[in-house]
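Welcome! Take a look at it first, and then we will start from a single residue.

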Amino acid sequence: PAPDFALPAASGAEFRLSRHLGKVVVLTFGYTSCPDVCPTVLAELAQVRERLGNAAAKRVQVVYVSVDPERDTPTRLRAFTEQFDTSFVGLTGPMDQLAPVWKAYGVSVVRRELPGSKSPTYLIHHSASVFLIDAAGRLRVMAPFGTPSDDVLHDIRALLKE
């Protein structure tokens, strides 16, 4: 079974993974200030969702969990995820709520200060995998960053047929 969790959604409602049984959940982790990897992952997932077609896409929920609660406010997170697809759910919250979710999915999160800047500036180095959770709530696929979107699309289609 995929580790269940509850976190505040950018919409203000609580998101609980176990409430999404019956859908394929595409779970990934990142942050809104990410310069390259996170936007790439979300853009690819938006393309995958589009390629599924409307009927299948309604049975898929993309969930983006913040690794930067200091900067990722609900408003900022919602604006960021909606750039890619308005159906994407962004989750954030205090560190004591996020850290157990990161740990449950084996996501490493390391803050790196950027030297020489006048204001505190940092990047977050983190695991950038995409997790596919089937309609029964089982963690079925872990696709590392760089997995071709055609492969992710294939795996989601296979899970939708079950």
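This is a predicted model.

**Around Leu-77**
- Leu-77 sits in helix H3, which covers residues 74-82.
- Its relative accessible area is 0%, so Leu-77 counts as buried.
- Leu-77 and Cys-38 are 39 residues apart along the chain, and their C-alpha atoms are separated by 12 Å.

**The sheet**
- An open sheet is built from 5 strands in the order S5-S4-S3-S8-S9, with mixed pairing.
- At its edges lie strand S5 (89-91) and strand S9 (139-143), each of which pairs on one side only.
- From one strand to the next, the twist averages 20°.
- Strand S8 (residues 130-133) pairs with S9 in the antiparallel sense, over 4 bridges.
- Ile-133 has Leu-139, in S9, as its bridge partner.

**The nonpolar core**
- The largest nonpolar core contains 52 residues, and Phe-29 and Tyr-105 have the most contacts inside it.
- Helix H1 (residues 37-52) supplies the largest share of this core, with 7 residues.
- Which residues does Tyr-105 touch, not counting residues up to four places away in sequence? They are Ala-2, Pro-3, Phe-5, Leu-17, Leu-27, Phe-29, Phe-131, Ile-133 and Leu-139.

How values were computed: Residues numbered from 1 in each chain as written. Predicted model: local features only at pLDDT ≥ 70, side-chain atom pairs only at ≥ 80, totals over all residues. Heavy atoms only, no water. Pairing = 2+ DSSP bridges. Helix = DSSP H or I, 4+ residues; strand = E, 2+ residues; numbered from the N terminus. Axes fitted to C-alpha atoms, helices over the stretch in contact; angles between N-to-C directions. Buried < 20%, exposed > 50% of the residue type's maximum accessible area, 1.4 Å probe, protein only. Core = buried A, V, L, I, M, F, W, Y, C linked by side-chain atoms within 4.5 Å. Contact = heavy atoms within 4.5 Å.
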